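Please read the following report alongside the sequence and the model. It moves from one chain to the contacts that this chain makes with its partner.

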Amino acid sequence: MDPHPVYAPPPVIEPGHTFNTVTEQIAGIVLTRRHPYSWFFGVFVGFMMTMMLLMAVTWLLIKGTGIWGVNIPVGWAFAIINFVWWIGIGHAGTLISAILLLLKQDWRTSINRFAEAMTLFAVVCAGLFPLIHTGRPWLAAYWLLPYPNTMGVWPQFRSPLIWDVFAVSTYLTVSLMFWYVGLLPDLATLRDRAKSLPIRRLFGMLALGWRGAARHWERYEEAYLLLAGLSTPLVLSVHTVVSFDFTIAIVPGWHSTIFPPYFVAGAIYAGFAMVLTLAVPLRVLYHLEDFLTLRHLENMGKVMLVTGLIVAYGYVFEAFFAWYSSNQYEQFMIYNRMFGPYWPFYWTLILCNIVVPQLLWIKGMRTSPAMLFFISMFVNVGMWLERFEIVVTSLHRDFLPSSWGMYWPTRWDLMTFFGTIGLFTMLFFLFIRVLPMISIFEMRTLVPAAKVKGAKAH
Amino acid sequence: MDHKPPAAAPYGVMAEFEDPTSLVEAARRTYAEGYRQFESYSPYPIHEVFDAMHIRDKRVSLIVLLGGLTGLFTGLALQIWVSAVAYPLNVGGRPYLSWPMFVPVTFELTILFSAFAAVFGMLGLNGLPMPYHPVFNVERFTAHASQDRFFLAIEATDAKFDLARTRAFLQGLGAKEINDVEQ
């Protein structure tokens, strides 16, 4: 029955597509007036939550960080937890667009555009927290940026917090450029397809006069490949630097050499979970099952399983090294994490990040969009709890029992956090309305008609 | 434009093809015929066309290398100058020029400058942004070049260009349609 006895992976685009059907289906989402009601619902919810965020930030700027639950000994809480959570989510976008490009994984083509958008919006949400965490963001200019000021002071370049500023701002800038360069040919397509003059003018300006000349394509591909090559070490460095924020300190539970790789794996894990959280509803809502096939979903499930196991390895070795170090503070930290006042957080984290994702071993789970969505939600929650554990349980009971304390978020903490989820949702829904969420020109290369006859495969 | 003389010299002649294989073949034969000032247009990159037209531009890589080196030295110079010259802080007698601590920022700036060089180098060499280009005067081009058709334009600046003969040559390549491109 099967003419190919040797295993061949299923195609990354359903058969029967031509240049026109691909272009029409993806560009049509942007250039149509009609949109599903769920889109309006999504934008509305996102907008309302963004307003809540603005309110929380405004109150913070008026009153100061006293409105948050932070106090000594836990002086660093929701702001850094949310920062690390968001920045980690962003990492999957770069992994898909850069690392999978270098590895010539053709299944990345239909997910890279919206994964990159996800990266940008996640980094925007992440960047908000360091800016506001002092409650006095206008002072951050001379703390963080090296510019000649009248006070004659300069930033401390030996501090990981300064490294963070450079890493995250570079990451945002490079991701934005990578995304825009990838969009150029599609903006030209939209310019040529748009019916109304203002829309055509708008896309025409954004497309910079792109005309698809062969000499342009050649330099374009070279620049794109180089950007991918540059983004790959960049994305690994960003979460490494983020983990340095912790490891450079001597607090038990932070001062650990396993942090950089474990943070990077956790970032990719969280990011793929978020890509799945977005991809599963999108393909149903916009009828993109032909482009976002089950093979894509299954591959993302596999990446999640692998990175989840690396994260599990990190948890095991955190506990092992605490025991092996014979250091009573380290040992107490891990005991306190598991059985101290925050024990429900720890065991929920283990359930979300280690137990539930083991379902991904089963092929039926990896190929069921509903199950993948369900598992990815667990991972989203679990990865947030992981950062909560690392930050709060390490700080709240350290060396001196007389200075122990507890941390609980206030309503302003929660409003700020859920507000950024709203901001992310709103930006993402606006993005799928105004720009093609799948790279049209790269999808054209996957159409059977795109092959040059008689040419060697490359 | 109204004020242009009607008999302005054309920009060139453009042929339209239906599939990538014909375009590659046409580009190969155009090059073999001795034309050099011609360009292929496609809705996605086709490597065989680059080979057929003998395109190989390594300048983007060079610009990126220069950008990266600029970033590297900017990062190092900035941190050394700030930490050892402009604002030296004595922390427990540790050296001012503690270069291992300068690695992360230097690394990030190297990447940042390289990426700027890649994007702006590519756009600059391609002459973009370019708000006007003669090829868009061809209606078929505007309607299809960025979507589903393949075009090849021989430009009037080419030494071998002769309106009638070049037209006939393109016809012989099996073009689906031939259009004169106005300046």
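## Chain B as a whole

In chain B, 81% of the contacts with a separation of 6 or more join residues 24 or more positions apart, where two residues are in contact if their C-beta atoms, placed from the backbone, lie within 7 Å. This is a predicted model, in which local features need pLDDT of at least 70 and side-chain atom pairs count only at pLDDT 80 or more, while totals for chains, interfaces and linings use all residues. Residues are numbered from 1 along each chain as its sequence is written, and chains are lettered from A and ligands numbered from 1 in the order in which they are written.

Chain B holds six helices and four strands, which follow one another from the N terminus as β-α-β-α-α-α-α-β-α-β; helices (H or I, at least four residues) and strands (E, at least two) are DSSP runs, numbered from the N terminus. The radius of gyration of chain B is 25 Å, whereas a compact globule of 183 residues would have one near 16 Å; this radius is taken over C-alpha atoms, and the globule rule is 2.2 Å times the number of residues to the power 0.38. The C-alpha trace of chain B spans about 85 × 40 × 30 Å along its principal axes.

## The sheet of chain B

Four strands of chain B form an open sheet in the order β2-β3-β1-β4, with antiparallel pairing; two strands pair if DSSP finds at least two bridges between them. Its edge strands, each pairing on one side only, are β2 (38-41) and β4 (177-181) of chain B, and the twist from one strand to the next averages 20°. Angles run from 0 to 180 degrees between N-to-C directions, and axes are lines fitted to C-alpha atoms, for helices over the stretch in contact.

Strand β2(B) pairs with β3 (residues 150-155) of chain B in the antiparallel sense over four bridges, and B:Glu39 has B:Ala153 in β3(B) as its bridge partner. Helix α6 (residues 163-172) of chain B packs on the sheet, where it touches β1 (12-17), β3 and β4 of chain B, and its direction makes about 10° with that of β1(B).

## Where the two chains touch

Between the chains, 59 residues of chain B are in contact with 52 residues of chain A. On the side of chain B that touches chain A, α4(B) gives the most, with 14 residues, and by class this side has 38 nonpolar, 15 polar and six charged residues. Here Ala, Val, Leu, Ile, Met, Phe, Trp, Tyr, Cys and Pro count as nonpolar, Asp, Glu, Lys and Arg as charged, and the others, Gly among them, as polar.

A:Ala213 lies in the loop between α7 (197-207) and α8 of chain A. Leaving aside neighbours within four places in sequence, A:Ala213 is in contact with B:Glu39 and B:Tyr41.

## A buried leucine in chain A

Why does A:Leu227 count as buried? A:Leu227 is buried because 26 other C-beta atoms lie within 10 Å; a residue is buried if 20 or more other C-beta atoms lie within 10 Å of its own, exposed if 12 or fewer, and partly exposed in between, with C-beta atoms placed from the backbone.

A:Leu227 has its place in helix α8 (residues 214-247) of chain A. Its contacts, neighbours within four places in sequence left aside, are with A:Phe178, A:Val181, B:Ala115 and B:Ala118.
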